[in-house]
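Trainee: I have a new structure to look at. Can you walk me through it?
Mentor: Fine, here it is.

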Amino acid sequence: MVLCEGLVHIYTAADLEVVALQGLDLEVAPGEVVAIAGRSGSGKTTLMNILAGMERPTAGSVWVDGRDLSRLGRAEQARYRSEVVGYVLQHAMGNVAPYLSALENVQAATVSGPARDRGRRAANLLARLGLGDRPGARPGSLTGHENQRLALATALANRPRLLLADEPTAELDTAGATQLMSDLTAILREEGTGAVIVTHDPQVESVVDRVVMIRDGRTSSERRWVEREGELIHDELAIMDRAGRIQLPRAYVERLGLGGRVRVHLDDDRISILPVETDQDE
Ligand SMILES: Nc1ncnc2c1ncn2[C@@H]1O[C@H](COP(=O)(O)OP(=O)(O)OP(=O)(O)O)[C@@H](O)[C@H]1O
Ligand SMILES: [Mg+2]
C-alpha cells in the first residue's frame, strides 16, 4: 500500500535549509494500521504531507496504492487526494468548514453517490465516532475533542484506501485517546482501510498493528505486540536501511559511552558492537 525508500525532504526558507527527512524508509501493507511516534521536529508531519500528496519529496521514492507520488501530474494529484487518501491535518480546525453542520461537513466530503446514500454514510460515521446526537452542531460549538472526531469522520467519508491522521488524539487524556483510537480502528478494520496515524500516546499501541518511531527524519525502530508461546510480548526492533545503517537506541549508546569509532564483530549468528577501549584491554 505504502512504500517509502530513502525519502529526503528539505525545506528552504529564505537562505536557510532544514532537512526534515533524511533517508526515511517505511512500508505499510494494505489494511494495516500503523502509528508513527517521535519527538517534536522529527519529521512526522512532513512525512504525512508527502503521503497525502501535498508536498513532493526532495529525493527518494514514495509509492501509495501503485502510484509514484513524486511523479503525479496536477490532475492526478487532485484525484489521488480526493479518491485514495483521507487526511486529518495536525490542527483540527483546518479540517472542517465552520459554516456547515457536522453532518453537512461529512456529506460534503463524499464525492460520489446519490444524496441519500451520502447522508446515510455521514450519519453512520458520526454515530460510530460518538457524534450521533450532534449532527446539526457547527464546528464552533463542538469541543476540540469533538472536532477531532468530526475531522476523522470527514476524512473517512469517501472510503479512502489510506487514512492519514496527524495527532488526532492531541487534545485528549489517555483514556480519551484510547477510546478514540479504538472507535477509529474498529471502522478501519471493518472497512479494510489502511492507516498511518501520528500519535504521542503510548496507549494506542494496544490497538494498532505496529508503532514506527521516527528519529531525526528516519525510521529508527518499531514496536509491536507479538504472541509467543501463548503470551503477548512487547517486541522492539531496530530498522536497518539498504546501506546497512541502523540507529542504536540512545540509552544503549550512552550506557556504554559509544561514539565515533566502535568495533564491530561478527560471530556465528550475531554482530556485536564494542567500545574501542574494551577491545584493546583484552
Ligand atoms: N514549512 C516549513 N518550512 C521550513 N521548515 C519546516 C517547515 N515545516 C517543518 N519544518 C521543519 O522541519 C522539521 C520537521 O518538522 P515536522 O513538522 O515534520 O515535525 P513533526 O515531527 O511533525 O513535529 P511536531 O511533533 O512538533 O508536530 C522541523 O525542524 C521543522 O522546523
Ligand atoms: Mg507535526
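**Contacts, layout and ligand**

Mentor: Start with the contacts in the chain between residues at least 6 apart in sequence: 62% of them join residues at least 24 apart. Keep in mind that this is a predicted model.

Trainee: OK. How many helices and strands are in the chain?

Mentor: The chain has eight helices and 13 strands.

Trainee: And what share of the residues is buried?

Mentor: Of the 282 residues in the chain, 34% are buried.

Trainee: What does the C-alpha trace span along its principal axes?

Mentor: About 75 × 50 × 30 Å.

Trainee: Which domains is the chain divided into?

Mentor: Domain 1 covers 2-238, and domain 2 covers 250-281. Their C-alpha centres lie 38 Å apart.

Trainee: Switching to the ligand. How many residues surround ligand 1, and which are the closest?

Mentor: There are 13 residues around ligand 1. The closest are Tyr11, Ser40, Lys44, Thr45 and Thr46.

Trainee: Which elements each supply at least two residues of that shell?

Mentor: Those are β1 (2-13), β2 (16-28) and α1 (44-51).

Trainee: Which one gives the most to the shell?

Mentor: The helix α1 does, with three residues.

Trainee: And by class, how many residues of the shell around ligand 1 are nonpolar, polar or charged?

Mentor: Eight residues of the shell are polar, four are nonpolar and one is charged.

Conventions: Residues are numbered from 1 along each chain as its sequence is written. Chains are lettered from A and ligands numbered from 1 in the order in which they are written. This is a predicted model: local features need pLDDT of at least 70, side-chain atom pairs count only at pLDDT 80 or more; totals for chains, interfaces and linings use all residues. A residue is near a molecule or strand if its C-beta atom, placed from the backbone, lies within 6 Å of it. Helices (H or I, at least four residues) and strands (E, at least two) are DSSP runs, numbered from the N terminus. Ala, Val, Leu, Ile, Met, Phe, Trp, Tyr, Cys and Pro count as nonpolar, Asp, Glu, Lys and Arg as charged, and the others, Gly among them, as polar. A residue is buried if 20 or more other C-beta atoms lie within 10 Å of its own, exposed if 12 or fewer, and partly exposed in between; C-beta atoms are placed from the backbone. Two residues are in contact if their C-beta atoms, placed from the backbone, lie within 7 Å. Domain bounds come from an automatic or database domain assignment.
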